[in-house]
Amino acid sequence: MAGLKKVNVAASGEEAWYALDGFNGKWGSKYPQINKMREEDWDGLPECFKYPDEARRAIYTADAVEGFHRMLRESTKAGKSGAPPT
């Protein structure tokens, strides 16, 4: 989602907070858990803004790559049961 990407590329914790605020204005009713996490767990999030942009990009890119690998493993398991992988 483009709204959440603004959080990832924010230059500071304050900028990320306002990006999440904008996201919640548009998507908050559909994704209420995101606002709840922001309000309850905000203390840990600004820590990531202490890293340089390149390191932060690697962190959230690694999460996406791990998710893709998980999807591949699941589809491979489905293929072993005789069903073609999708």
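Me: Among contacts in the chain between residues at least 6 apart in sequence, what percentage join residues at least 24 apart?
Reply: The model is a predicted one, and contact here means heavy atoms within 4.5 Å. Taking the contacts between residues at least 6 apart in sequence, the share that joins residues at least 24 apart is 43%.

Me: Which elements does the chain have, and in what order do they run from the N terminus on?
Reply: The chain has 4 helices and 0 strands. Read from the N terminus on, the order of these elements is therefore written with helices alone, and for this chain that order is α-α-α-α.

Me: Are helices α2 and α3 roughly parallel or roughly antiparallel to each other?
Reply: Helix α2 covers residues 13-27 and helix α3 covers residues 32-41, and the two pack with their axes 10 Å apart at an angle of about 150°. Angles over 145 degrees count as roughly antiparallel, and the relation of α2 to α3 is therefore roughly antiparallel.

Me: Which residues of α3 make the contact with α2?
Reply: The crossing of α2 and α3 is left-handed. On the α2 side the contact is made by W17, L20, D21, F23 and N24, and on the α3 side by I34, N35 and R38.

Me: Is N24 buried or exposed?
Reply: N24 has its place in helix α2, and, not counting residues up to four places away in sequence, N24 touches I34, N35 and R38. Its relative accessible area is 13%, and since buried means under 20%, N24 counts as buried.

Me: How far apart in space are R57 and N8, C-alpha to C-alpha?
Reply: R57 lies in helix α4, which covers residues 53-80, and with a relative accessibility of 44% R57 counts as partly exposed. In sequence R57 and N8 are 49 residues apart, whereas in space their C-alpha to C-alpha distance is 7.8 Å.

Me: What percentage of the residues of the chain count as buried?
Reply: A residue counts as buried when its relative accessible area is under 20%. For the chain, with its 86 residues, the share that counts as buried is 17%.

Definitions and conventions: Residues are numbered from 1 along each chain as its sequence is written. This is a predicted model: local features need pLDDT of at least 70, side-chain atom pairs count only at pLDDT 80 or more; totals for chains, interfaces and linings use all residues. Side-chain values use heavy atoms; hydrogens and water are left out. Axes are lines fitted to C-alpha atoms, for helices over the stretch in contact, and angles run from 0 to 180 degrees between N-to-C directions. Angles under 35 degrees count as roughly parallel, over 145 as roughly antiparallel, 65 to 115 as roughly perpendicular and the rest as oblique. A crossing is left-handed if the near helix is turned anticlockwise from the far one by less than a right angle, and right-handed if clockwise. Buried means under 20% relative accessible area, exposed over 50%, partly exposed in between (1.4 Å probe, protein chains only).
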